Amino acid sequence: SPPMTRARWSGGPGVWRWLSEVWAVTAKDLRTEFRTRVALSSVGLFALTTLIAVAYSVGPFRISVEDRPFLLAVLLWIVVFFAALAGLDRGFVKEEESHTAPLLRLSASPHVVWAGKLVFNLVLLSVLLAALVPLYCILMGYRIELVGWFVLLLAAGGYTLAVEATIVAAIIARAQGRGALFPVLALPLLLALLVFLIEGTTATAEGSVESVRASLRAIASLGGAMTVVSAMLFPLVWND
């Protein structure tokens with residue numbers, strides 16, 4: 001696309017040129033999404049429907065006080081994970097459906113495409129978390145004692161979720177039945193992250209700083225490892 005071409009040959013230091021290319025890929029996806037709202041609608045409707053169903057069937061008063069920190073953390077992240085899986089594959093799937101993937105391969109390097117799609121998924125997840133988590137805490141009466149640590153947990157967990165979802169979406173983009181394949185392949189990778197996030201969220205509700213730190217270290221390690229592996233693997237997946 002013209003914006004991508006201008007960014008690619010804009011000159012200047014290498015890092016800034018690379019960042020401008022990444023932003024060109026992200027901006028293209030954001031413009032498309034704001035026109036069609038496919039991913040936002042999928043994520044938003046799934047999250048809202050699931051949250052209403054959970055609040056109606058479980059509610060804040062059907063769980064004993066001592067069990068609330070853990071069980072409400074489990075429900076929160078299950079809602080977030082499945083809502084995210086409803087739309088995080090769109091970054092690559094729409095390229096294949098609209099037959100723009102070959103042009104994107106010619107216009108940008110694999111790492112630029114990977115980083116641009118990752119930033120797009122991060123924006124989508126940020127919107128989801130910013131809207132869903134406060135509403136969940138209000139409807140379910142979920143009291144967070146360590147709010148600052150909880151925000152850090154959301155940021156680290158959201159980044160790791162976006163990294164893992166991005167590489168899985170790239171792998172299944174050209175497969176038959178990719179809509180069903182995405183959650184099937186993503187869930188095993190996300191299982192460890194889900195466990196760490198539940199433990200960390202429970203600790204923020206209970207006020208245990210040491211447990212939150214341990215969970216954050218585990219999530220940061222997992223996110224860092226997945227970032228390196230995804231960056232190494234993506235050129236093979238994208239150019240195959």
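Residues are numbered from 1 along each chain as its sequence is written, and side-chain values use heavy atoms, with hydrogens and water left out. Because the model is predicted, local features need pLDDT of at least 70 and side-chain atom pairs count only at pLDDT 80 or more, while totals for chains, interfaces and linings use all residues.

The largest nonpolar core has 73 residues; a nonpolar core here is a set of buried Ala, Val, Leu, Ile, Met, Phe, Trp, Tyr and Cys residues joined through side-chain atoms within 4.5 Å. Buried stands for under 20% relative accessible area, exposed for over 50%, and partly exposed for values in between, with a 1.4 Å probe and protein chains only. Within this core, Trp77 and Leu128 have the most contacts. Helix H7, residues 110-140, is the element that gives the most to the core, with 14 residues; helices (H or I, at least four residues) and strands (E, at least two) are DSSP runs numbered from the N terminus. Apart from residues up to four places away in sequence, Trp77 touches Leu154, Leu194, Leu197, Ile198 and Thr201, where contact means heavy atoms within 4.5 Å.

Ala73 belongs to helix H4, which covers residues 68-85. This alanine counts as buried because its relative accessibility is 0%. Once neighbours within four places in sequence are set aside, Ala73 is in contact with Arg68, Tyr142, Ile198, Thr201 and Thr202. Ala73 and Leu197 are 124 residues apart in sequence, yet their C-alpha atoms are 8.3 Å apart in space.

Helix H8, residues 147-172, holds Thr166, and Val163 also has its place in H8. Thr166 has a relative accessible area of 0% and is therefore buried. A polar atom of the Thr166 side chain lies 2.6 Å from the backbone oxygen of Ala162. This pair is judged by the polar contact rule: N or O atoms within 3.5 Å, of which, within protein, one must be able to donate a hydrogen and the other to accept it, and residues adjacent in sequence count only if both atoms are side-chain atoms. Beyond four places in sequence, the contacts of Thr166 are Phe92, Trp114, Lys117, Leu118 and Asn121. Val163 likewise counts as buried, because its relative accessibility is 0%. With neighbours within four places left aside, Val163 is in contact with Leu118, Met226, Thr227 and Ser230. The C-alpha atoms of Val163 and Arg37, 126 residues apart along the chain, are separated by 22 Å.

Charged pairs come next. Side chains of opposite charge can pair when their charged atoms come close. The count comes to six salt bridges, each being a side-chain nitrogen of Lys or Arg within 4 Å of a carboxyl oxygen of Asp or Glu. Lys28 and Glu95 meet in one of them, at 2.6 Å from N to O. This pair links distant parts of the chain, with Lys28 in helix H2 (residues 14-36) and Glu95 in helix H5 (residues 90-97), 67 residues apart. Both Lys28 and Glu95 are buried. Lys28 also meets Asp29 in a salt bridge, at 3.2 Å from N to O, and Asp29 is buried too. Another salt bridge joins Arg143 and Glu145, whose closest N and O atoms are 3.0 Å apart. Arg143 is exposed, because its relative accessibility is 61%, whereas Glu145 is partly exposed at 42%. Salt bridges that share partners join Lys28, Asp29, Glu95 and Lys117 into one network.

Helix H5 is mostly covered, with seven of its eight residues buried. They are Arg90, Gly91, Phe92, Val93, Lys94, Glu95 and Glu96. His99, which follows H5, has a positive phi, near 60 degrees.

On the surface, Ile171, Val184, Leu185, Val229, Leu233 and Leu236 form a nonpolar patch with about 530 Å² of accessible area together. Patches are made of residues with over 30% relative accessible area and no salt bridge, like charges being joined within 9 Å and nonpolar side chains (Val, Leu, Ile, Met, Phe, Trp, Tyr) within 5 Å. Accessible areas come from the Shrake-Rupley method with a 1.4 Å probe, and for residues only the protein chains shown count as cover. Helix H9 (178-206) and helix H10 (209-239) are the elements that give two or more residues to the patch. H10 provides the largest share, three residues. Leu236 is found in H10 and is exposed, with a relative accessible area of 62%.
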